[in-house]
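Subject: Structure handover

Hello,

Here is the structure I promised to pass on. My notes on it follow below.

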Amino acid sequence: MSAIILCLVAIVLVIVIGAKTKTNIGLWAISAAYLIGVFVLKLKPADIITAFPSKIFLMLFSVTLFYGFAILNGALEKTAQKVVYVARNIPWSIPIVLFLLSFLMAAIGAGDGATVMMIPIGLSIAKVTGMNNYLAAVSVVSGISMGGFSPISTAGIFLRDMADRVGKHGPDVVNQYGNHAFFQVSLLFTFVFLVAYIAFKGYKLTIPNLVKPGAYDNKQKINLAVIVVFVLVMVLVPILRTLMPKVPAVKILSGGLNLTFVAFIATIFLVVFKVGDEKKAFQRVPLASLFTLCGMGTLIGIVSKSGAIEMVSKYLSGSVPAGLVGVMMALIAGIMSLFVSGFVVNTTFFALVPALAIGSGFNPGFLYAAVAVGAMSTAVSPFSGSGGLVVASVDDEEHRKKIFNFLLGWPFVNLALYLLMVALKVY
């Protein structure tokens with residue numbers, strides 16, 4: 001029992017120390033995994049290395065590297081500007097366009113690039129049009145939050161792979177779970193956007209004076225063409241597998257399709273066609289974030305060998321009324337996400353789901369969604385990456401203070417709405 005308690009304390013200490021010292025949590029997690037694994041659980045150092053989630057690391061690395069080129073050469077940013085420019089003569093539609101465009105950019109896999117690109121664009125358009133800054137922030141962040149759960153986005157892929165890693169459900173089942181979470185987060189943030197659109201009078205916007213974006217250059221055209229092919233391959237092959245499951249060629253394609261390697265191959269085309277600086281694209285890969293989530297993944301993997309995960313699951317399933325298990329998971333994940341990365345929250349709590357689902361009788365997918373969407377609902381505070389960028393994108397000091405205060409309260413509204421969805425079992 002002492003080893004189990006030590007493991008649970010280690011998880012909490014790693015998160016607290018990393019947050020307090022503002023150092024990479026992954027460093028503390030890897031170190032703790034080694035010390036606990038080797039000297040407490042009597043594992044071999046090779047077992048610690050095996051616990052490192054290399055599949056998730058390679059997947060996120062490949063996708064962020066691939067989209068780094070389009071962000072560096074301005075292909076995605078120019079696309080966003082062109083879409084908004086087309087809508088200039090229908091001013092009431094501009095918040096809607098921002099919302100849908102932010103969703104699209106995140107959904108196709110741009111990851112943090114969608115956040116870095118769309119938030120400044122949205123706040124700049126708000127300044128030109130007189131749109132309320134709150135509405136601009138809600139439009140963009142809500143769209144990005146939704147798109148992040150798509151099957152080909154970095155977060156969406158991570159959530160599915162992590163569920164498979166901890167529960168061994170198989171790709172078809174975790175895709176089903178992921179799609180349910182995608183539905184929940186889409187319902188939540190669409191409702192949030194619509195309320196903001198009405199509350200902040202998006203329908204009363206005036207015609208903006210936008211400058212027409214220039215034409216795509218050759219590098220941007222090539223980059224966008226490769227992105228289109230990449231997305232089509234990842235989307236159409238599973239559809240073909242459903243429509244024509246017995247066709248040999250389709251079987252071979254669907255059986256060998258892997259997003260990580262397709263992204264690497266697509267990146268080679270970008271390098272060969274010289275659409276951007278390869279070294280700068282590598283520099284854009286968020287290695288610190290990848291190491292944080294993979295470090296925590298390693299620690300959770302080692303801790304699970306002690307029986308700590310099963311103990312916590314039994315406690316929750318035995319102490320919390322069955323009908324409130326999902327609500328409790330979403331609430332804890334949402335509160336934790338205010339202080340640490342959603343990736344860390346998901347990595348920590350996903351490990352509880354398989355045993356907890358058995359104990360409570362809930363569908364595991366429902367509990368995975370409760371954790372993931374609960375964490376996402378509060379990942380918009382001014383202390384988060386996206387919330388901080390919203391604050392930084394506002395020029396006026398008085399407006400900056402107001403948007404900061406708005407972002408302090410908004411996460412709790414999102415979380416309250418989501419807890420209601422979970423309580424009503426909207427899944």
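The salt bridges come to two in total. The rule asks for a side-chain nitrogen of Lys or Arg within 4 Å of a carboxyl oxygen of Asp or Glu. Side chains of opposite charge can pair when their charged atoms come close.

A word on the basis. This is a predicted model, in which local features need pLDDT of at least 70, side-chain atom pairs count only at pLDDT 80 or more, and totals for chains, interfaces and linings use all residues. Residues are numbered from 1 along each chain as its sequence is written, and side-chain values use heavy atoms, with hydrogens and water left out.

Salt bridges

Aspartate 161 sits in helix H9 (residues 154-167) and lysine 55 in helix H4 (residues 54-72), so the pair ties together parts that are 106 residues apart in sequence. Helices here are DSSP runs (H or I, at least four residues), numbered from the N terminus. Aspartate 161 counts as buried because its relative accessibility is 16%. The classes are: buried under 20% relative accessible area, exposed over 50%, partly exposed in between (1.4 Å probe, protein chains only).

Another salt bridge links lysine 402 and glutamate 398, at 3.6 Å from N to O. Both lie in helix H22 (residues 397-423), four residues apart, so about one helical turn separates them. Lysine 402 is partly exposed, at 40% relative accessible area.

Helix packing

Helix H15 (residues 287-304) packs with helix H18 (residues 342-350) at an angle of about 15°, and their axes are 9 Å apart. Axes are lines fitted to C-alpha atoms, for helices over the stretch in contact; angles run from 0 to 180 degrees between N-to-C directions. H15 is therefore roughly parallel to H18, a term for angles under 35 degrees.

Surface patch

Val228, Leu232, Val235, Leu236, Ile239, Leu240, Leu243, Met244 and Val247 make a nonpolar surface patch of about 720 Å². Patch residues have over 30% relative accessible area and no salt bridge, and nonpolar side chains (Val, Leu, Ile, Met, Phe, Trp, Tyr) are joined within 5 Å. Areas come from the Shrake-Rupley method with a 1.4 Å probe. Methionine 244 lies in the loop between helix H11 (218-243) and helix H12 (248-256). Methionine 244 is partly exposed, at 35% relative accessibility.

Valine 173

Valine 173 is in helix H10 (residues 171-199). Its relative accessibility is 29%, so valine 173 counts as partly exposed.

Best wishes

Notes. Patches are made of residues with over 30% relative accessible area and no salt bridge: like charges are joined within 9 Å, nonpolar side chains (Val, Leu, Ile, Met, Phe, Trp, Tyr) within 5 Å. Helices (H or I, at least four residues) and strands (E, at least two) are DSSP runs, numbered from the N terminus. Angles under 35 degrees count as roughly parallel, over 145 as roughly antiparallel, 65 to 115 as roughly perpendicular and the rest as oblique.
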